[in-house]
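The sequence and the structure are shown first, and the description follows.

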Amino acid sequence: MSWQEELRKLDEELASGRLSADDYRVRRDQVLSSAVGQPDAQPAQQPGSADSTQVIAPISPPQGTPQPAPPQDNSAERTQAVPQWQQQQPAQPPEAARTEYVAPPQQQQVPYSPPGGFPQAGPVSPPGGFPQTPPPWNAPDSDQSPPWGGGDLPPLTPSGDPGWIQQGPESFDNKPKKGNGAKIGAIVAAVVVLAGIAFGAYMLWGRSSTSASGGGQTTTTQAAPSSQTPPDPMAVAQLPGTVENFDRIKSFSQIPALNYLTSNELSAYQTAGAGDTKFVARRLPDGSRVLMLLTTVSDPQAAQKAAGDLLAIQIRNGGTRVVDVPDGVLASSIDAKGGNPAQVRAHYAHQNVVVRIEVSNPNAQTAQTDFTSILNSQLKVLPANG
C-alpha cells in the first residue's frame, strides 16, 4: 500500500469518527516521514466511486515551472528534496465542501505624493534671493509715495523742514514746549480733589463718636456670642488621688454587676426610675477610698424621695445620722469593726439626679475629714437643691 493510500485511509477513518484528531495527526506524520525516498505512485482512479478525491495540480506554482531534477544516486540513503510549493495537504473528507482559492488580480501601484510635493519645473530662488540690478546713474528718482497717494495729498517727506528726521537731543531743543502748564494744572486739581475726599471720609467714619457734652472719646464694642456648652447634669468635681477607671459604666443596669449596693438600695433606685449613671472611684494618699455614684431618675421629687429612702436604709443597717452637714444633705457614718474600715455616706438630690458620696478609711477621723472636703467640692458643681 502506497503512502497516498494510507493517507486516504486515515482521512476516511477521521471522517467516520473511528479515529481522533490527535491520533490522526500522529499517524499522518508517521506516513509522511516514511514517504521520504519512495517514488510517487498515483493510485488508479476507480470509475464511478463516490468517495474518490480528485487532486488538481496548481496552474502556476509560486516560484515558476519547476525544472526536472538531475538523476540521483539510487543508493538506499538518498534524500528526496520536495519543493516548498508542493507540500502535501491532507485530503478533506468526502462530505466537506471543496473551496478553490482564486488569487486576487494585481493592482497597479500609484506613487504617493512626497511630503514636500512634486518638484516644479523652473528656476529655484537662491537662499539670498535673486540679485538686484542697480538703476542707471542718470535715472530719475522713483516715486516713494504709497499707491493711494496722489497729487491731492501732501508728500510724505516735507520739503521745507527736513529737521524732523534728525536724530539726537538737538532736534528737540529748537522747539518750545507746549501744553505743560495745562497738564500740571490738571494734576494739581486731581490731587486736591482726592485729598478733600480722603479728609471728608476721615471726618465721617474715621473718628469715634463723642458724647453730646463734649466728654472724652468713647468706643462701642459688641459682645461676642456665647458658645459655651450646657453644663453637665452629672458633673463631678476635681478630686485628688489615683483614678480607678469606671468609664464603662453608663447606665444603672450595669451597677448590680459591681456588687456595690444592697438589694434594698437597688430597689430604692429602681423605684425612682434610675437611668443614666456615673461611677467614680479615687484612692487618696492617706489611704482613704472615695466612691461617688450619680444617677438620673424620673423627676426631682423622685430624686428627693430616693435620697430619704437611702438614708433610712443606712440607719437600719447600723449607721449613725450625721447632722453637721450642709442643708439638703442626708449623711450617716459607721465605725470600723470586724476588719471593715470606717465609712461616711451622704445622699442628696440635685434636680432629678441622686448624688451618693462615700469615704472609707481605717481611721474614722481621717475618713470624716476627707468626706467633708470631697462633699464641699462636689456641692460647688452640683448643689443640693432637692
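At what angle do the axes of helix α5 and helix α6 cross? In this predicted model, the axes of α5 (residues 263-271) and α6 (residues 300-316) cross at roughly 170° and come within 9 Å. Angles over 145 degrees count as roughly antiparallel, and α5 and α6 are therefore roughly antiparallel to each other. On the α5 side, the contact is made by Asn264, Glu265, Ala268 and Tyr269, while α6 contributes Ala306, Asp309, Leu310, Ile313 and Gln314. Sorted by class, the residues of this contact are five nonpolar, two polar and two charged.

The protein as a whole contains seven helices and seven strands. Their order from the N terminus is α-α-α-α-β-α-β-β-α-β-β-β-β-α. Of the 386 residues, 22% are buried. Among contacts with a separation of 6 or more, 57% join residues 24 or more positions apart.

The largest nonpolar core has 24 residues, and Tyr348, Ile357 and Phe371 touch the most other members.

Another core, of 22 residues, lies apart from the largest one; its members include Phe252, Leu293, Val297 and Val354.

Technical notes:
Residues numbered from 1 in each chain as written. Predicted model: local features only at pLDDT ≥ 70, side-chain atom pairs only at ≥ 80, totals over all residues. Heavy atoms only, no water. Core = buried A, V, L, I, M, F, W, Y, C linked by side-chain atoms within 4.5 Å. Buried < 20%, exposed > 50% of the residue type's maximum accessible area, 1.4 Å probe, protein only. Helix = DSSP H or I, 4+ residues; strand = E, 2+ residues; numbered from the N terminus. Contact = heavy atoms within 4.5 Å. Axes fitted to C-alpha atoms, helices over the stretch in contact; angles between N-to-C directions. Parallel < 35°, antiparallel > 145°, perpendicular 65-115°, else oblique. Nonpolar A, V, L, I, M, F, W, Y, C, P; charged D, E, K, R; others polar.
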